[in-house]
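Please walk me through this structure in the viewer, telling me at each stop what to select next and what is to be found there.

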Amino acid sequence: MPDPLLSVRDFSVVYDVDPPVAAVKNVSLELERGEILGLAGESGCGKTTLAYGIQRLLKAPAVITGGSVLFHDAEAGDIDVNALGAEQMRRFRWDKVSMVFQGAMNALNPVATVGSQLEDVFEVHRPDMGRRQRRAAAAELLEIVKVGEQRARSYPHELSGGMRQRVMIAMALALRPQLMVMDEPTTALDVLVQREILRQISQLREEFGFSVIFITHDLPLLLEISDRIAIMREGEIVEVASAERIWNAPQDEYTRTLLTSFPRLTGEKGVLAR
Amino acid sequence: MTTLEVRRITKVYNVRGAGQLTALDDISFTLNSGQTIGLVGQSGSGKSTIAKILTQLEKPTRGEVLLDGSPIPRRGRGLRSYRQQLRMVFQDPFASLNPYHSIRYHLERPLRLDDVVPAAEIDAEVRRLLEKVRLDPDAVIDRRPHELSGGQRQRIAIARALASRPQILVADEPVSMLDVSIRLGVLNLLADLQREEGLGVLYITHDLATARHFSDEIIVLNQGRIVEHGTADDVILRPQDPYTQELRAASPDPERFFATTTGGAR
Amino acid sequence: MTAVEPQLPTFEDEGSADAVVAGTTATRAVAGRSRIPWRFLGGRAAFYVFTLWAALTINFFLPRLMKGDAVTQYLARNRDISPEAADALRALLGLDTDKSLWQQYLDYWGMLLHGDLGVSLLHGLRPVTEVIGQALPWTVGLVGLATIISFAIGTIGGAFIGWRRGSKLDVFIPVTTFLSTIPYFWLGLLAIAVFSVNLKWFPIGKAYGVGMTPGWNLDFIGQVIHHGTLPLLTIVIASLGGWMLGMRNMMLTVLDEDYITVAQAKGMPSRRVLWGYAARNAVLPQIQSFALSIGFIVGGTIVMEMVFSYPGVGKLLLDATNAKDYALMQGVFLVITLSVLVANILADIAYAFLDPRTRQTEA
């Protein structure tokens, strides 16, 4: 029984420069509730632009030139994201859809404590929460992601890369959104830390039931964690299928090319795809 | 045949206000020409420190590096000679080429500095180098780095490293910053060159899969110590050390994943 | 991709098995309780003390590098100077060549520690400290206030203009920078010509009306404000451009940072992102500039004081130089040096207070 959370139809984004660049070309996508969708492609394929675009986070010169984004809210019914006014959009953000950025150096405000950056989400979105409640909620989030509540008064530069990434996840989880968009969340991390973080994300998804759009160029990673994978190239989705299908029977030429770019870890010495 | 021997290298840094940090602890291995060794480590393992010591950017606290049995000279002609024989390819194709100069300039310089060929043959040699890295000389020779793609730039960096006809090539994360579909091409090039020129290659990386693919032997570094050293297949397929086992378990391996799971549990 | 952590050694245990199970550990530095970085300052304290000593020693040598002709002549002409004052003057200015240099140096320090800076030839042998003390408040008050106002308007304005990049507000930048390129004396004279002579809104010069005695009464204060308005405004207008441009440029840099996008993605209202996230980061270099410019307030603006006949330190120094009143010159240099040093210290404190990252690093 398909239970879509997000319906993207004919979505297009153009960078209004000279000459104009079509970053996303008529992309259509259905995201199921509770699903992990991997969005794979190389740099410049439009995966980040698409992810930002459906949340209206794009900045000039990017312009959304067409298409619709429908969010099927569990409570409020269908929301046309493009039609929301500025204030509505602001309230929609983080509450329904949140984002995990690459947590390296600059995604956290360097002059504010980690705790305060968690708390200000509540300040803005849950105005009826008192100070003590906010602090408790922030502490709880830090515990959930195993950073520890004693870190609430730390500054971002005092934390390691792995911890900063967990803080980003905690922040994204704050309002219990229905969708988390993750943009290369583990790319800058060591493989061991990466595995930990991914395990954590899976666990949180089990517990809280949100969907995930996971953007990365690391296809082998996606194959292991995604339900479905969408391969993007030059602004278009060239193939969408379950991870297994992509692995066992890739249809598109480009998908095969991508697969062959990753050598096998175990098994025969040779490239990834068969 | 050339042998590079790293003998009991230790590097300790004094960090102000925080005591000492041992970046490398008693590292020893031997690299012969015609062989590729993959040096695998995560951040903080010391792999970049090894590269710096081999290229003389840092001096070891203890231990020594020997080329064909003799320690590296500290200065003068001996050092120059060493530097000609051991070259490095860096991680960042954007940063390692001077944006102001043409490709021709980048390749001519080492030829001139090291007197590799007589002046009259320099142009021909530049072209030969470009062909060796599978680039069309006419298309790139007068370009500036920013006009080329990341993959092309990295090939130029390799050509530049080869200019002085070295015996040993140290490649520090040579493909991490390149687009995924280009990586294998560049690594394959390195493998071909290694064969053709009889080089000894030290391939430094954090990625187990490519290390396995391109190395004869693999050394695993953990916080400055060698925890495992063996043939590529032995280390990856039959790891002895718990850290190596963990690394392997943590690295994405769809082959094994799809073979062992039904695709449900993640 | 490799981690983007700096290549310098870190204290993370991310590689070890235990760490992975327990959760990744952080860098060793502890989150400080106090926001004043005592340890950081303590390290700098030695540096400050050294600088102070060096400045005072150079001050000692200064008049000795100059020819003491005027003083000898003066002393020759004016017999009515008290012997003690004459001695002090000689000691201060290095005329007591019968003593060894080292002895002179010690005497100099002795005088300094007693707060004795000698007497001023130009001002009827009044103590230098008194002469400077009279001029200083005017300079510090006016120029200080002007700098603060200019900084405040420029920074807040610059933040706003940077936030609204590409809007009509951008026009303020070329306008204010243009105003700051106008030679100050011209601006001052123009202001006087228009507002004092023609419109007669403001007096022509001086700090207060002729014949008034300074006192803490409403009348006097009113006069001070009245007289001070034009100089203040002209200084503000002339220096506004620099602050505004600096802040705006910093804002543009900061607005490109990831954490701004994150803040907007979090649904933070614009005002909050602008002030709490963007401006708060962009202002850091501005604060340093401000603290440093405080140091230069004491030097005064000679041009302003000349144009407006304002009785400040700048004019004092100029007159002293022309009259070869070495003691006074030395005294003013001393005050300027000290204030620049203090300003540096304040800048360091301010920056460390505002930017948590500097608290960890050593000097």
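This is a predicted model: local features need pLDDT of at least 70, side-chain atom pairs count only at pLDDT 80 or more; totals for chains, interfaces and linings use all residues.

Select strand S3 (residues 36-40) of chain A together with strand S9 (residues 228-233) of chain A, which run parallel and are joined by four bridges; strands are DSSP runs of E of at least two residues and helices are runs of H or I of at least four, numbered from the N terminus, and two strands pair if DSSP finds at least two bridges between them. In this pairing, Leu37(A) stands opposite Arg228(A) of S9(A).

Residues are numbered from 1 along each chain as its sequence is written, and chains are lettered from A and ligands numbered from 1 in the order in which they are written.

Staying with S3(A), colour the strand by burial, where a residue is buried if 20 or more other C-beta atoms lie within 10 Å of its own, exposed if 12 or fewer, and partly exposed in between, with C-beta atoms placed from the backbone. Five of the five residues of S3(A) are buried, and both faces are covered, with Ile36(A), Gly38(A) and Ala40(A) on one side and Leu37(A) and Leu39(A) on the other.

As background, most residues other than glycine have a negative phi, and most peptide bonds are trans. Select Asp18(A) and Pro19(A), whose connecting peptide bond is cis, with omega near 0 degrees; Pro19(A) is found in the loop between strand S1 (4-15) and strand S2 (21-32) of chain A. Then go to Asp10(A) in strand S1 of chain A, which has a positive phi of about 50 degrees although it is not a glycine, and which counts as exposed because it has 11 C-beta neighbours inside 10 Å. Trp94(A), in the loop between helix H2 (86-92) and strand S6 (97-100) of chain A, also has a positive phi, of about 70 degrees, but Trp94(A) counts as buried because it has 22 C-beta neighbours inside 10 Å.

Show chains A and B together for the interface, where 28 residues of chain B are in contact with 29 residues of chain A, contact meaning that the C-beta atoms of two residues, placed from the backbone, lie within 7 Å. On the side of chain B that touches chain A, at least two residues each come from helix H7 (180-197), helix H8 (208-214), helix H9 (232-237), helix H10 (242-250) and helix H11 (254-260) of chain B.

Finally, select chain C, which has 14 helices and zero strands, and of whose 363 residues 33% are buried. Pick out helix H7 (residues 172-181) and helix H9 (residues 218-255) of chain C, which pack at an angle of about 140 degrees with their axes 6 Å apart. H7(C) and H9(C) are therefore oblique to each other, since angles under 35 degrees count as roughly parallel, over 145 as roughly antiparallel, 65 to 115 as roughly perpendicular and the rest as oblique. Among the residues that meet here are Phe172(C) and Ile173(C) in H7(C) and Leu240(C) and Met244(C) in H9(C). As a last stop, find Ala46(C) in helix H2 (residues 38-65) of chain C, which counts as exposed because it has 10 C-beta neighbours inside 10 Å.

Notes:
Axes are lines fitted to C-alpha atoms, for helices over the stretch in contact, and angles run from 0 to 180 degrees between N-to-C directions.
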